[in-house]
Every structure is written in C-alpha cells, then in structure tokens.
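Here is a short briefing on charged side-chain pairs. Look over the model below, then read on.

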Amino acid sequence: MGRRDMADEHKIAVASFMAKAMAVMCVHNTILEDFHDGIHPVTHTGDFSDVVVIDANGRRIPWTRVAHIEQHEMRELMRQIVNCLYTVNLNAGDMDFLAMLDWAAREAGKWDEPELDEVTIKGLERRRRRNEQSDE
C-alpha cells in the first residue's frame with residue numbers, strides 16, 4: 001500500500017471517528033432524545049399508513065402527514081446542535097475534550113460507517129463548476 005493510500009485511509013478513519021463522535025455529542029444528546037421518548041404508535045402495515053391522529057378539533061390526520069416536531073422545538077434542537085458543534089470546534093486541541101470525543105465515538109461503535117452526503121457533494125460539484133467557469 002502506497003503512502004498516499006495510507007494517508008487517504010487515515011483521513012477517512014479520522015473523518016468517520018469525528019462524524020460519529022460529534023453525532024453522539026451534538027445530535028443524539030440533545031432534546032431529540034425527548035422527542036423520541038413517549039408512546040410510539042403501533043402499525044400493522046409497517047409504513048404507518050394505518051395510523052391516524054385525532055386532534056382537538058376532531059380532524060383525522062394520517063400519521064404520515066402529521067408534523068412531528070413543532071417550529072419552536074426545531075429551533076431549540078438546531079440551537080443545541082450549533083452550540084455543541086461550536087464547542088467541539090473551540091476545544092478540538094484540548095486533551096480532556098479529546099478523551100470525551102473518544103468516549104462519544106465508542107458510544108457509536110456499532111453504528112454503520114458514514115457515507116458521503118449526496119446533497120452536499122452535488123452542491124460542492126455545482127460550486128466547483130461555477131468557479132471553473134468564472135476562471136475562464
């Protein structure tokens with residue numbers, strides 16, 4: 001294996017480690033956990049098309065059409081994620097913090113390996129094409 005291949009493998013391993021650690025610290029350990037708590041509806045079809053919610057006005061709303069997170073909850077979730085990511089970035093060189101990241105990555109040890117996000121990659125490709133066109 002060449003030096004470049006080893007460097008690429010190391011880069012991928014570090015990116016995977018950081019993605020999992022940050023997901024545990026900055027997404028999993030947020031109010032998202034509160035949203036996950038509670039009674040989960042039973043579905044016999046597997047796709048929840050057989051589940052409805054009856055609201056206070058008597059409307060029967062298919063589960064698949066129900067908004068599951070209110071706007072203020074989404075705002076708080078995003079605030080918590082941004083604050084945690086900011087904290088991770090500011091403390092990336094602190095040895096005690098790196099030990100916390102190591103713990104968080106072990107918590108995610110059985111998770112699937114991350115994959116590149118297609119939406120982000122497509123956006124990056126569009127941006128690169130625009131930059132190439134503007135350089136001509």
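In what kind of contact do the side chains of Arg59 and Asp55 meet? They meet in a salt bridge, at 2.6 Å from N to O. This is a predicted model, where local features need pLDDT of at least 70, side-chain atom pairs count only at pLDDT 80 or more, and totals for chains, interfaces and linings use all residues. Residues are numbered from 1 along each chain as its sequence is written, and side-chain values use heavy atoms, with hydrogens and water left out.

**Salt bridges overall**
- A search of the whole structure finds 4 salt bridges.
- A salt bridge here is a side-chain nitrogen of Lys or Arg within 4 Å of a carboxyl oxygen of Asp or Glu.
- Side chains of opposite charge can pair when their charged atoms come close.

**The pair in helix 3**
- Arg79 and Glu76 form a salt bridge, 2.8 Å from N to O.
- Both residues lie in helix 3 (residues 71–90), 3 residues apart, or about one turn of the helix.
- Helices (H or I, at least four residues) are DSSP runs, numbered from the N terminus.
- Arg79 is partly exposed, at 42% relative accessible area.
- Glu76 is also partly exposed, at 29%.
- Partly exposed lies between buried (under 20% relative accessible area) and exposed (over 50%), using a 1.4 Å probe and protein chains only.

**The pair in helix 4**
- Arg106 forms a salt bridge with Asp102, and their closest N and O atoms are 2.5 Å apart.
- Helix 4 (residues 95–107) holds both, 4 residues apart, about one turn of the helix.
- Arg106 is exposed, with a relative accessible area of 54%.
- Asp102 is partly exposed, at 34%.

Note on methods: Helices (H or I, at least four residues) and strands (E, at least two) are DSSP runs, numbered from the N terminus.
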